[in-house]
Amino acid sequence: MTQHNITILAGDIGGTNARFACLKPTTQGGWTVCNFVKLQGSDYSTFYEALDFYMDSLDVRPRQAAFSAAGPVKAGYVNVTNSAWEISADRTIERFGLEVCELYNDFAGMTRSIPELSDPDFEVIRSGKALTDAPILVAGPGTGFGVGHLVPTQIGYHVISTEGGFQSYSPQTQHEMELLKILQRDHEFVSLELVSSGRGLPIIHKAICEMHGKTYISLHPDKIRELADIGDSICSDICSIRAAATMGAIGDLALSGGTRGGIILAGGVSERMIKHYKTPDAMHRFLNRAQRSDYIAEIPIKLLKSPLAPLIGAAALLKDHIGE
């Protein structure tokens with residue numbers, strides 16, 4: 001049986017939702033996706049119950065599976081971040097009669113999906129000239145802050161998964177340094193993820209309220225962005241500081257990773273915050289590299305918009321693994 005005849009069961013398993021689909025590679029490149037479902041994780045006590053529900057909906061059960069999961073994968077096992085779910089590749093094979101099951105970090109899947117996607121899956125944020133033989137950076141905040149590097153090789157692509165979201169927060173203005181001092185009272189280490197991610201938003205909101213001498217009132221992220229748009233000083237600060245932190249880190253990662261093949265902004269927070277990332281101040285934080293500003297001046301930046309990316313990336317990683 002050739003790879004083009006094989007259907008791969010793919011999953012994107014996060015702390016809130018689980019997405020499943022059946023994917024088949026096409027002879028022209030790319031993937032055919034069918035039987036896509038999005039399940040609420042809280043409706044199922046375990047990953048296996050959710051997968052049972054999905055498998056029961058299929059006329060024909062795939063024999064090969066690949067899952068992108070939020071969390072570090074070790075020896076075919078992952079505890080899903082922000083969830084009580086755990087996934088064992090061996091247990092999944094045994095329970096569902098699979099021939100093969102591979103687990104990948106969700107951002108590894110996101111990263112590997114990039115060459116499998118087409119132009120409509122992206123929004124151009126900044127034009128430039130990508131070097132075809134250079135690595136591509138895939139990074140951005142969601143619940144956490146993911147960072148991956150996609151390295152072109154003579155036989156395809158190599159994915160480097162990293163924990164780059166846990167690099168230290170790098171304030172550049174007096175205002176940001178004041179924020180750092182407040183955060184350091186309760187956090188021994190202040191990471192980029194804490195400042196930029198969805199998980200850290202309430203913490204940053206409280207700290208900025210303190211900087212303004214105002215009482216903290218919890219607000220939905222959509223409301224914060226709405227108030228920022230009409231000039232609310234606290235919400236404007238929240239958005240501008242988080243955007244500057246993200247775009248500054250993207251510039252750091254591009255320099256350290258040599259990712260002149262392009263930059264892909266990914267993650268749910270990136271999609272919702274993209275207007276703030278595109279402001280002159282945030283873009284200046286990316287571009288201003290003193291004597292090495294020329295190094296990243298031509299790197300194009302795109303926003304990943306495809307909700308299927310982690311599914312497609314997981315299937316592509318499995319296809320890479322088992323070979324043609």
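Let's start with charge: the protein carries 29 positive and 36 negative side chains, and the centres of those two sets sit 4 Å apart. Keep in mind that this is a predicted model.

On to the overall build. The protein has twelve helices and 13 strands. Its radius of gyration is 21 Å, close to the 20 Å that the globule rule gives for 324 residues, so the protein is as compact as a globular protein of that length.

Looking at contacts with a separation of 6 or more, 67% come from residues 24 or more positions apart.

Now the cysteines. How many disulfides does the structure hold? The count is zero. C101 is in no disulfide, and its nearest cysteine sulfur belongs to C22. For C239, the closest cysteine sulfur is in C235, and the gap is too far for a bond, because a disulfide needs the two sulfur atoms within 2.5 Å. Here are the two distances side by side:

| Cysteine | Nearest cysteine sulfur | Distance |
|---|---|---|
| C101 | C22 | 14 Å |
| C239 | C235 | 6.8 Å |

Are these two cysteines buried or exposed? C101 is buried, with a relative accessible area of 4%. C239 is buried too, at a relative accessible area of 1%.

Methods. Residues numbered from 1 in each chain as written. Predicted model: local features only at pLDDT ≥ 70, side-chain atom pairs only at ≥ 80, totals over all residues. Heavy atoms only, no water. Helix = DSSP H or I, 4+ residues; strand = E, 2+ residues; numbered from the N terminus. Rg over C-alpha atoms; globule rule 2.2 N^0.38 Å. Contact = heavy atoms within 4.5 Å. Lys, Arg positive; Asp, Glu negative; His and termini not counted. Charge placed at Lys NZ, Arg CZ, Asp CG, Glu CD. Buried < 20%, exposed > 50% of the residue type's maximum accessible area, 1.4 Å probe, protein only.
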